[in-house]
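Trainee: I have this one open on my screen and want to go through it with you. Can we start with the sheets and then move on to the helices?

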Amino acid sequence: MLGTNWLAKVRMAKLGRALAVCGLLAVAACGGAAGEDDGPVRVSVWAWYPEFKGVVEAFNASHTDIQVDWTNVGTGPDQYAKLKTAFTAGKGAPDVAMVEFQQIPTFVILDALVDMGEHGANEDKDIYAEWAWSQATDGEKVYAIPVDGGPMALMYRKDLFDQHGIPVPTTWAEYADAAAKIKAVDPAAYIASFGSDGGWLNGLMWQAGCRPYGYSQAKAKDEVKINLTAPECEKVVDLYGDMVDKGLMAQDKFFTADATAALDSGKYWTWAAAGWTPGYVAGSLKNTAGKWAVAPMPQWTAGADEQGDWGGSTFTVTKQAKNPKAATTVARELFGRSKAAWDIGLNKAFLYPLVKDVAADPAFTGKAYEFFNGQKVNEIFVPVSEKLGEFQYTPFQDFVFKDLNDRTAEAMSGGREWSTVLEETQKNVVAYAEKQGFKVSR
Amino acid sequence: MTRSMPITAPEAATDPPTPRVPDESRSRRRSRRVTAHPVAGALFVLPFFLVVVAFLIVPLGYAFWLSLSSKSLALGTRFSGVDNYVRAFTDPVLLDGLLRVVLFGLVQIPIMLGIALAGALTLDAVTTKFALAFRLIAFMPYAVPAVVGALMWGFLYSRTFGPFADLPTLVGGDPIDFFSSSLLLLSLGNIVTWAWTGYNMIILYSALQGVPREMYEAAVIDGATPVQIALRVKVPAIKQAISLAAIFTVIGTMQFFTEPAIMARFAPQISAGYTPNLYAYNQAFAYSDFHYSAALSFALGFLVFVVAYAFVFVNRRRGARS
């Protein structure tokens, strides 16, 4: 609180530094623009991929006409806040920006993204997983080039399940049973945590067949579909809410030190996680490395094969790009089919590739992971990604996820019935959408 | 909150007798020059003036201009006059957040200033080396950046890493969840108290230093006990410093932002509109509605102004009565 002035000072200092850096960049960029004939085009990129430095170096080494200047300005929301400020200001945005799938319509409606279809990006259509390409595009308009995805599967503590003779759940009903059995054998343990993460809950709802949103700017800029109260959506919240109420689910927020420690101490036995999650957490889970395994997601109907996705990201070209054509090349080829880039992406950054060739490569599907005691987990993740169908997002997904998180937080603290969470979110989101000028349908 | 606030009570304004005459003649000479060279005076003011214009007046004016139009995602931007303000003052999320910080302030401010005052009075009464060390230690949390402080407390509150959450289990109770909705405000209040008590203590202590010692002697001769001296002599003597500290604390509380923004990373219970400032931040940087965010900020600024002014007014009235 009282530190706001202090904070303002720090912000000013940062701003000062940023301005100084921008000045330098502007000089560099000016040099590039003025002497286009003699020097390569320089394209600025904002991204927060791990191990991305090597990817940039690989691109710069293999291109003579275009060179990439990369900056990591923050992860996810931190970078989006800067992007949104730059788009509002009319300057300051990079040429190419990393953007997650659920954010693409948000930036499209801000008129911030270049249609890369005009620069030949439609040629890449068949390279990428269909679901990813459909989320990155709107008809013939290509707003983003997919990079990595998050097909979901169940990470579980194989040693503990084996030791206590609890079968690994194949349906969500069995999952709830297992939750009760785990509590019975170890009162301090939980089957998992309800992590208060919009993207995670969204992935679970996706897997349940829930398609709550619909938006296509190409069809109608001001029409949006919101239907969070469909039975397919409600059943996810019902199941998880019931486990939370019974004390079978922990409530630590994902990716906090507490949640990571709980994963590593045997407090959590499972995590319905994404293709990128193992790479993300493996480094922090030293005690339990080798004790985890991956199983396909539990199904809502026994024997079914329904799948969902949590997260994943793309490259977009911003409307402020000085050379949209060169920027499109960067977005398409930073990863694209670059072998050098995917070597780093797969083996160091543990991205899940949305390039079909890379995902189908035996080097990827046949890779054994020490963290999973030698299990070839991509044999599970790859079919999931292939199975994923169409799923759309709203052009105000931040609001939807925040409201959903706030309502589930109320339910976790006992201030709200779980059965009213989606109803209330639906109401708030519809009110917000109408205030923003949308015609809302179900 | 500004660090350069006047920290001496008016009673302290009596300087030790110094040669007055040359002093006054010097100031007369200066004032004559100013009238003779208005340009020179303006030049001296200019740097400060430029900074104020560039970093205060212009941004404020721009934000106010922004707040007068509305942007809807589907329909674009249009001039809307005071619509955003009508919306702000009827927005249940903003009103909930306001109510929350007001409740927070009603509990936290008296506790913090009470401790600060007690500490200052103790420091003033005790003059040992220990007092000097204590003064430094009490001031130290203020030197820790608010973001770092909030992160640190996040770990201290943690059930895995913190020492406090499991304390009740020693006597057979349930572990404490400091991030639960019922304890969250208390947890935040504790961080704020930790960070700012020492700062306020030093302000009050400095004001006490300016109180003429003769007053204490007189009180002692009249037979006052140390406690009576503290409450009946010292506290009234630094009343203005206390109300100044209170005013800045009230303003800071209305602008509550850093701690909840950081703690939101651990605590799902901190909603998008948990405090008015957090709400304004999210409107701008998460929902891209810079116009409504500007209106929220101005509405909040207006409320802060009203509250602060009312506080000063009430204080003056009370001061005039006594």
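Trainee: How many bridges join strand 9 of chain A to strand 14 of chain A, and do they run parallel or antiparallel?

Mentor: Bear in mind that this is a predicted model. Three bridges join strand 9 (residues 223-226) to strand 14 in chain A, and the two strands run parallel. One position to look at is A:Lys225, which stands opposite A:Ser441 in strand 14 of chain A.

Trainee: What is the order of the strands in that open sheet of chain A?

Mentor: The order is 8-9-14, three strands with mixed pairing. Strand 8 (213-214) and strand 14 (439-441) of chain A are at the edges with a single partner strand each, so one side of each has no neighbour in the sheet.

Trainee: Which helix lies across strand 9 and strand 14 of chain A?

Mentor: That is helix 18 (residues 421-435) of chain A, and it runs at about 175° to strand 9 of chain A.

Trainee: Now strand 6 of chain A. How many of its residues are buried?

Mentor: In strand 6 (residues 145-157) of chain A, 13 of the 13 residues are buried, so the strand is largely enclosed by the rest of the structure.

Trainee: Which strands does strand 6 of chain A pair with?

Mentor: Strand 13 (residues 309-317) of chain A is joined to strand 6 of chain A by five bridges, antiparallel. Strand 11 (residues 270-274) of chain A is also joined to strand 6 of chain A by five bridges, again antiparallel. With strand 12 (residues 292-295) of chain A, strand 6 of chain A has four bridges in the antiparallel sense.

Trainee: And which residues stand opposite each other there?

Mentor: A:Pro146 stands opposite A:Thr314 in strand 13 of chain A. A:Leu154 has A:Ala272 in strand 11 of chain A as its bridge partner, and A:Tyr156 has A:Ala293 in strand 12 of chain A.

Trainee: Where is A:Asp159 found?

Mentor: In helix 6 (residues 158-163) of chain A. A:Asp159 has 16 other C-beta atoms within 10 Å, so it is partly exposed.

Trainee: Staying in chain A, which residues of helix 13 are buried?

Mentor: In helix 13 (residues 339-347) of chain A, the buried residues are A:Ala341, A:Trp342, A:Ile344, A:Gly345 and A:Leu346. The cover over them includes helix 2 (52-62), helix 14 (356-360) and helix 15 (362-365) of chain A.

Trainee: Over to chain B. What does its secondary structure come to?

Mentor: Chain B has 13 helices and two strands. Of its 322 residues, 36% count as buried. Among contacts in chain B with a separation of 6 or more, 69% are between residues 24 or more positions apart.

Trainee: At what angle do helix 5 and helix 7 of chain B cross?

Mentor: Roughly 130°, with the axes of helix 5 (residues 129-143) and helix 7 (residues 184-209) of chain B coming within 6 Å. That angle makes helix 5 of chain B oblique to helix 7 of chain B. The crossing of these two helices of chain B is left-handed. Residues making the contact include B:Arg135 and B:Phe139 of helix 5 of chain B, and B:Trp194 and B:Tyr199 of helix 7 of chain B. By class, the contact has eleven nonpolar, one polar and one charged.

Trainee: And helix 12 with helix 13 of chain B, at what angle do those cross?

Mentor: Their axes cross at roughly 160° and come within 7 Å, for helix 12 (residues 276-285) and helix 13 (residues 290-321) of chain B. Helix 12 of chain B is therefore roughly antiparallel to helix 13 of chain B. This crossing in chain B is left-handed. Among the residues that meet are B:Tyr279 and B:Gln283 in helix 12 of chain B, and B:Leu296 and B:Leu300 in helix 13 of chain B. The contact divides into eight nonpolar, four polar and no charged residues.

Trainee: Last topic, the two chains together. How many residues of chain B are in contact with chain A?

Mentor: 35 residues of chain B are in contact with 38 residues of chain A. Helix 6 (146-157), helix 7, helix 10 (239-254) and helix 11 (258-263) of chain B are the elements that give two or more residues to that side of chain B. The largest share, three residues, comes from helix 10 of chain B. The side of chain B that touches chain A has 18 nonpolar, 14 polar and three charged residues.

Technical notes:
Residues are numbered from 1 along each chain as its sequence is written. Chains are lettered from A and ligands numbered from 1 in the order in which they are written. This is a predicted model: local features need pLDDT of at least 70, side-chain atom pairs count only at pLDDT 80 or more; totals for chains, interfaces and linings use all residues. A residue is buried if 20 or more other C-beta atoms lie within 10 Å of its own, exposed if 12 or fewer, and partly exposed in between; C-beta atoms are placed from the backbone. Two residues are in contact if their C-beta atoms, placed from the backbone, lie within 7 Å. Axes are lines fitted to C-alpha atoms, for helices over the stretch in contact, and angles run from 0 to 180 degrees between N-to-C directions. Angles under 35 degrees count as roughly parallel, over 145 as roughly antiparallel, 65 to 115 as roughly perpendicular and the rest as oblique. A crossing is left-handed if the near helix is turned anticlockwise from the far one by less than a right angle, and right-handed if clockwise. Ala, Val, Leu, Ile, Met, Phe, Trp, Tyr, Cys and Pro count as nonpolar, Asp, Glu, Lys and Arg as charged, and the others, Gly among them, as polar. Two strands pair if DSSP finds at least two bridges between them.
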